[in-house]
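My notes are below the display.

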Amino acid sequence: MRVRRAPAAGWPGFVRVRRAPAPGWPGDPDTVEEARRNPESIAGHGIDDVFEHYAALIAELPVRPVVFGHSFGGMIAQKLLGQDRAAAAVAIDAAQIKGVLPLPLSALRATFPVFKNPANKHRSVSLTAEQFRFAFGNALSEGESTALYERLTIPAPGKPLYEAASANFNPHSPAKVDTQDSGRGPLLLISGGKNHTVPEAVTRATLKQYRHSDAVTDIVNFPDRGHFLAIDDGRREIADSVLGWLRKQSPEGGR
């Protein structure tokens, strides 16, 4: 769950860069090993905390960036775009924003490790290899899922899940995104057809939330991919698709 940011080549006012910084969430340690040793370092951080963390980082940049986010990072990317903090956004398997109603059974099962104990709202939560396989690696071979689990997984705060779950009952929910602004930059929503955690129905329902905006809002579905589609061995396909979309949004066609 990271938000990656990088200026888009060819857009007026932007500079060309070769490196896209990927800062962690507030309290996120520098390494996987440290995060596992100190799981409470990230506990208690909610959606607003994460949003303000990235907004502060963006404020230090000379230009508005293009932001990329996966899962809850995809929600944060939409919030940044909706508040004109970003020039464009790519939301990959984004967690549901306020107004999105579908709640597929697979999503309930994927998030059960957090919701099974109400105290997890204020804690960080780790998944077992089996839970990870269902929520993230179901479209992968068992070997690749296990390897990714052992190499990359770290504890995550439970608070954002509780905030998203109650969003439609809270008029001031931090999961609320400005979906009606026609003056914002372009948005790309990406979904995986085999995604258990954020099923395609959730992403398509998110797209509908933008129906009153004239700004560019596109969706791309990868039918055979799961929730880890931007990180697993097939990530190059996703990257190429995103770069192609960004070039189309450039007034100069990405030249």
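Predicted model: local features only at pLDDT ≥ 70, side-chain atom pairs only at ≥ 80, totals over all residues.

**Glutamate 163**

I looked up where glutamate 163 sits and found it in helix α7, residues 159-165. I then asked which side chain of opposite charge is nearest to glutamate 163. It is lysine 159, 4.3 Å away. The cut-off for a salt bridge is 4 Å, and glutamate 163, although buried, has no salt bridge. Its side chain does reach a backbone nitrogen, that of isoleucine 47, at 2.8 Å. Setting aside neighbours within four places in sequence, I listed Gly46, Ile47, Ser173 and Pro174 as the contacts of glutamate 163.

**Alanine 164**

I moved on to alanine 164, also placed in helix α7.

**Asparagine 120**

I found asparagine 120 in the loop between α4 (105-115) and β4 (124-125). Its relative accessible area is 8%, so I noted asparagine 120 as buried. With neighbours within four places in sequence left out, its contacts are Pro113, Val114, Val125, Gly158, Lys159 and Tyr162. Between asparagine 120 and lysine 208 I noted 88 residues in sequence and 31 Å in space, C-alpha to C-alpha.

**Threonine 153**

Threonine 153 is in the loop between α6 (142-152) and β5 (156-157). I found a polar atom of its side chain 2.6 Å from the backbone oxygen of tyrosine 149. Not counting residues up to four places away in sequence, threonine 153 touches Val32, Arg36, Phe132 and Leu148.

**Helix α9**

I checked the length of α9, residues 235-249. At 1.5 Å a residue its 15 residues should span 21 Å, and the end C-alpha atoms are 21 Å apart, so the two values agree.

Which residues of α9 are buried? I listed Ile238, Val242, Trp245, Leu246 and Gln249. They cover an arc of only 100 degrees around the axis, so they lie on the same side of α9. An α-helix has 3.6 residues a turn, so residues three or four places apart point the same way. On the other side of α9 I found Arg236 and Lys248 exposed. Last, I looked up what the buried residues of α9 pack against: β2 (66-70), β3 (88-92), β6 (187-192) and β7 (217-222).

Methods
Residues numbered from 1 in each chain as written. Heavy atoms only, no water. Helix = DSSP H or I, 4+ residues; strand = E, 2+ residues; numbered from the N terminus. Buried < 20%, exposed > 50% of the residue type's maximum accessible area, 1.4 Å probe, protein only. Lys, Arg positive; Asp, Glu negative; His and termini not counted. Polar contact = N/O pair within 3.5 Å; in protein donor to acceptor, adjacent residues only side chain to side chain. Contact = heavy atoms within 4.5 Å. Expected span 1.5 Å × (residues − 1). Arc of directions from axis to C-beta.
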